[in-house]
Amino acid sequence: MTRWTYLLTLAGRSAWNRRGTLLFVVFSITLSTTLLLGLERIRTQLRESFVQAVSGTDLVVGARGGNIQLMLYAVFHLGGATNNMSWDSAREIAGRAEVAWTIPVSLGDSHRGYPVVGTTGDFFEHYRFRGGTRLALARGTPFAELFDVVIGSEVAKNLGYNPGQSLVLAHGSSGSLLTEHGDKPFTVTGVLAPTGTPADRSLYISLEAMEAIHLDWQGGAPLPGLRISPELAKKFDLEPKNITALLVGLKKRGQVFALQREINSWKKEALTGVMPGVAMDQIWNMVNSGERALLLISTLVTITGLAGLASAILASLGERRRELAVLRSVGARPLDIVILLACEGILLVGAGIVCGLAALAALVASLGPALADSYGVAVRLSAPSAGEWLILGGICLAGFLTSLIPALRAYRMSLADGLCHII
Amino acid sequence: MRPQEAAEFAFCLRGARFRWPGQERDILDIPFFSAGPGERIFISGPSGSGKSTLLSLIAGILCPSAGEVSVNGRCLSALTGAERDIFRGEHIGFIFQQFNLIPYLSILDNVLLPCRFSPERRGKAEKQAGSAPLAAQNLLEQLDLPSPLWKRQVTRLSVGQQQRVAAARALIGGPAMIMADEPTSSLDADHRKVFLRLLLEECRAAGSTLLFVSHDHSLAEEFSVTVKLAELNRAACPEENRGAP
């Protein structure tokens, strides 16, 4: 056994001998580790599920306006679009050679606070999220008839809807005094599987249905005296005039810049083309200021934990004076005492980190499904990521540096004391 | 120091003076004090007379403010602090008044401690008994600590047993010198005699010089040399000189 490994064993045995007190030190480091790593994991998963709410879409097109605003209503179905783009432009873009698919998005109505999105069957075919996952139906089928609606998982769960049920849409996106499209009830045909994206909180109908329910409307209110029954509505030309936004997928990603340039200088109307990745990052950076505050708090918790480590070891030095002097008398050098104390600190930090990782795994395993259910954040059980290794390394390094404080105190003490404390 | 003195003395102090920092006068001023290898020296003196300081000087824990201290032919002030630590680990075994043992180590591990830190002591122990643990076991048995006791926690040994474990630790690997600082003061009279007899036997067997500090004069007759510190020490107060019989 080399001197180093002997000192490490000695440190371990000594610490075990004082485990009653040191347990709390390990506990506080466990807490710091769990907090820092848990936060990091939630942060990355939150960002991932946020930024990847839309994936595979190369360009989001809408009426001229702010990039972020366009993303908010095209992807998150939040806020009202102030301007629409024409269906003609949408069809022209869809018809271009480099375009593989398009998904139209038409907003304006809601159902009990959840946005209603007018779109086409292409939505179920081409919409991708989180690394290219396709939408799946948990129950039922996509809309086929005019007054069919497909609902998101959260809508279904919170309102207790099942396929076959009928529901009424309201005009407008928020407020309690919304006028309802009571004369044209919809039938739920399908429920989407949970995605952790805004799709969970939305209802999807066809663009034609969107037109149909507004046939007898003008300027946001039903036309007085005009009533068009659902059966009659089917006989009208239901091709939309306008949509809110268009999600565009290209055959080759490299063509995105050329198309974007073209859309931004569209002749017939003022359009904006946004690359979702960049805009989603921008939105995330706007809403994540809390992230830094949380990081700061958990860093402070870690510092508190390490201060506890230093003070526990420092406090133990008084009662260990004799133990250290005995070690010196049998040939331990002052440097050995430093190593002994530093080893103790590292062992404690190591134990704290291992317990922290275990606690994190237990938390993720037990709370992960609930998190995914209620917030759509998929926190998965996995090996530490690069960022998490960095945090672990940081805790180790900080722990090592912290344990040098009592180690150096012991060094000075054993130089000054020698064996005088016992002789 | 002249080379031939190396073999002559187990330790030797010449004009060694020591003063604690901040003190006005020396606590020790020893013109000359030496002992030959294998001698058994009994040092007596009231507490506070500088017995522990004297041991610290000979052990190289403290450095004299003037004069020189040599042990086993090596002048200690010529060594660096780290070298003195190594030298001490190799050549000196300690027995303290009480609480000698590391509470979280087994009896055997306590005895083996010097072998962990000093390769020389380990080498000598291996040479004597084949292996260091065997050397430790032999010593424990000779010191009347039979194997059934070895599994016991050191804190659950009697004080007398603890002191004998400490003696085994001091003796393992046959260091040139054993320093015992009031090792019997926490023992009752019967155990005192037994302990001293065992310690003297083992020191004789190992050929170690024994430096034994005590205020109990009844033990003095077992030693080859008996020294009153006050007689050695020019810095001793006159009252101390008077008080000594």
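**Figure 1. Salt bridges across the predicted model.** Over all chains, the structure holds 23 salt bridges, each being a side-chain nitrogen of Lys or Arg within 4 Å of a carboxyl oxygen of Asp or Glu. This is a predicted model, in which local features need pLDDT of at least 70 and side-chain atom pairs count only at pLDDT 80 or more, while totals for chains, interfaces and linings use all residues. Residues are numbered from 1 along each chain as its sequence is written, chains are lettered from A and ligands numbered from 1 in the order in which they are written, and side-chain values use heavy atoms, with hydrogens and water left out.

**Figure 2. Asp336(A) meets Arg3(A).** Here the two side chains form a salt bridge, with 2.8 Å from N to O. Asp336(A) sits in helix H12 (residues 334-375) of chain A and Arg3(A) in helix H1 (residues 3-17) of chain A, so this contact ties together parts that are 333 residues apart in sequence. Helices (H or I, at least four residues) and strands (E, at least two) are DSSP runs, numbered from the N terminus. Asp336(A) is buried, at 0% relative accessibility, whereas Arg3(A) is partly exposed, at 24%. Buried means under 20% relative accessible area, exposed over 50%, and partly exposed in between (1.4 Å probe, protein chains only).

**Figure 3. Lys51(B) pairs with Glu182(B).** Look for the salt bridge between these side chains, at 2.9 Å from N to O. The pair links distant parts of the chain, 131 residues apart: Lys51(B) is in helix H2 (residues 51-58) of chain B, and Glu182(B) is in the loop between E7 and H8 of chain B. Both Lys51(B) and Glu182(B) are buried. Arg18(A), Arg320(A), Glu323(A) and Glu344(A), for their part, are joined into one network by salt bridges that share partners.

Figure 4. Relative accessibility is 9% for Glu182(B), which counts as buried.

**Figure 5. A positive phi at Asn72(B).** Asn72(B), also not a glycine, has a positive phi near 55°. You will find Asn72(B) in the loop between strand E4 (66-71) and strand E5 (74-75) of chain B. Asn72(B) is partly exposed, with a relative accessible area of 34%.

**Figure 6. Asp26(B) and Arg17(B).** These side chains meet in a salt bridge of 3.0 Å, N to O. Asp26(B) is buried at 10% relative accessibility, and Arg17(B) is partly exposed at 34%.
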